[in-house]
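Have a look at the chain below before reading on.

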Amino acid sequence: MIVATARARNLLAGVAVASAIALAGCNDGGAEFDRNSQIGSNPVLPAPKQYLVPPIHVAEVVGWSAGQAPTAAAGLRVQALARDLNHPRNILALPNGDVLIVESQGPNLDPITRPKNPIVSWVQKYATGQNGAKPKGGTNQITLVRDTNGDGVPELRTVLVDHLFSPFGVVFADNYLYVAATDAVLRYPYTLGQTRITAAPVRLTELPGGPIDHHWTKSLTLSPDGKLLYATVGSNSNITENGMEAERNRAAVWEIDRSSGRSRVFATGLRNPNSPNFYPGTNTLWVVANERDELGPNLVPDYLTSVRDGGFYGWPYSYYGRHVDPRVMPQRPDLVARAIVPDYALSSHVAALGLTFYSGSSLPPRYRGGALIGEHGSWDRDELNGYKVAFVPFSNARPSGKAEDFLSGFVSPDGKVRGRPVGVTVDRTGAVLVADDTGNVVWRVSAAR
């Protein structure tokens, strides 16, 4: 359980009071608003509101007690593949069945530039479990887990590579392991079956890092032909409060030549995109994205969207297409006019960070081809939202129905947080693996026996 310092407790009390004051003078419909109306291709968007201190709900993180586990959808079962990790954020299932778990902490480089930043920054750290008691083991490393017979009980667990700078994305191709640290894409020589990397990496491509590095997670995926990497780079602010120079080449998807490291910006206007994936059998790239904060508990919906070459998705000037954000100055109506509407809303402040398309065959047929989304969970609203793995059905390579719970139970009945899902992937057996950031577990979801 997290144990806050006296100073932190006082700050949290101040946040609670300020939030109560902010909420007392307005009716933002938080309790009455139908969150399901913001799931799908045509979300309901209430009028924006601005606050001195936004509505905040910082849930206490308690972790999982012995014998506890998330709740899987009907016909599925869940077990722990690995426990006692240190902030597992992402997972890669290798072709030989080995599983790589990226354990990572943010670089904590953000300077204080706004009067309310001390409150907001501390709340974000508290809500993500970065204050108080430390988990077991090291972090900023990649751990290898080997489950030879695919029964979900590993025979081997070892640190593959460590002393990384806030890693997140990881890709394997042609005897190389590509790792997206927060400031660069690294390339390591790697042979399947290898349990320790000792070679120094090549810095293939520099990525925007410090000195601020507000959204620090950098994701990776491989193009269908294997020639290109695609990396996601989040913004350096909520809505450019650190200045536009700090946003150079950020809030974007990058395209990187895997051989030379040459790069270009592929798409822009995505505040915090994560987990790029090509839909199976197509050349269409998809991401999940976290939208802006402090416009109200029900603005703005985070989303799942396909990403076009050269496309602009609105940030910071507009949200969900051409809805202008009045806080951003100077405004850019020329850019707003070409802002692309996302494909699928996921509800506001769910903090979608993980995405994979189910390409296995061992789960019930209804899951095949659908999207599995790790929703890390909200803090910037009065009611908790997210904290689950959602499933979005697809048909003809497009979303085709309402999202539903695939893995839930990350919040206890009394409103305390047991875990926060991030990365999602499919292993060689067709089971789904979920990185639980604050629960410090990787969960394995398979068909019920």
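## Ground rules

This is a predicted model, where local features need pLDDT of at least 70 and side-chain atom pairs count only at pLDDT 80 or more, while totals for chains, interfaces and linings use all residues. Residues are numbered from 1 along each chain as its sequence is written, and side-chain values use heavy atoms, with hydrogens and water left out.

## Aromatic pairs

Searching the whole structure turns up 14 aromatic pairs. Here, rings of Phe, Tyr and Trp (its six-membered ring) pair if their centres lie within 6.5 Å; planes under 30 degrees apart are called stacked, over 60 edge-to-face, and the rest tilted. Tyr230 and Phe266 have ring centres 5.3 Å apart and planes at 80 degrees, so they make an edge-to-face pair. Tyr230 belongs to strand S13 (residues 228-233) and Phe266 to strand S15 (residues 263-268), so this pair links distant parts of the chain, 36 residues apart. Strands (E, at least two residues) and helices (H or I, at least four) are DSSP runs, numbered from the N terminus. Both Tyr230 and Phe266 are buried, where buried means under 20% relative accessible area, exposed over 50% and partly exposed in between (1.4 Å probe, protein chains only).

Tyr367 and Phe391 are also edge-to-face, because their centres are 4.8 Å apart and their planes sit at 75 degrees. Tyr367 is in the loop between strand S22 (352-357) and strand S23 (371-375), and Phe391 is in strand S24 (residues 388-392), so the pair ties together parts 24 residues apart in sequence. Tyr367 and Phe391 are both buried. Elsewhere, Tyr279, Trp286, Phe357 and Phe394 come together as one aromatic cluster.

## Charges over rings

## Cavities and pockets

Rolling a probe the size of a water molecule over the atoms shows where empty space is left. On a 1 Å grid over the protein atoms alone, a cavity is a set of points where a 1.4 Å probe fits but cannot get out, and a pocket is an open set with protein on both sides within 12 Å along at least five of seven lines; lining residues have an atom within 4 Å of a point. Points are joined across faces, edges and corners, and volume is the space filled by probe spheres set on them.

How much space lies in the second largest pocket? About 830 Å³. Of its 33 lining residues, Leu92, Thr221, Asn277, Thr356 and Thr425 lie nearest the centre. Elements giving two or more residues to this lining include strand S4 (88-93), strand S16 (272-278) and strand S28 (421-426). The class count for this pocket is 19 nonpolar, 12 polar and two charged.

## A buried arginine

Arg258 is in the loop between strand S14 (252-257) and S15. Is Arg258 buried or exposed? Its relative accessibility is 12%, so Arg258 counts as buried. The Arg258 side chain makes a polar contact of 2.6 Å with the side chain of Asp174 (a pair of N or O atoms within 3.5 Å; within protein, one must be able to donate a hydrogen and the other to accept it, and residues adjacent in sequence count only if both atoms are side-chain atoms).

The peptide bond from Leu299 to Val300 is cis, with omega near 5 degrees. Met329 and Pro330 are also joined by a cis peptide bond, with omega about -5 degrees.

Ser166 has phi near 45 degrees, a positive value in a non-glycine residue, and is buried at 2% relative accessibility. Glu294, not a glycine either, has a positive phi of about 70 degrees; at 7% relative accessibility, Glu294 is buried.

Note on methods: Ala, Val, Leu, Ile, Met, Phe, Trp, Tyr, Cys and Pro count as nonpolar, Asp, Glu, Lys and Arg as charged, and the others, Gly among them, as polar.
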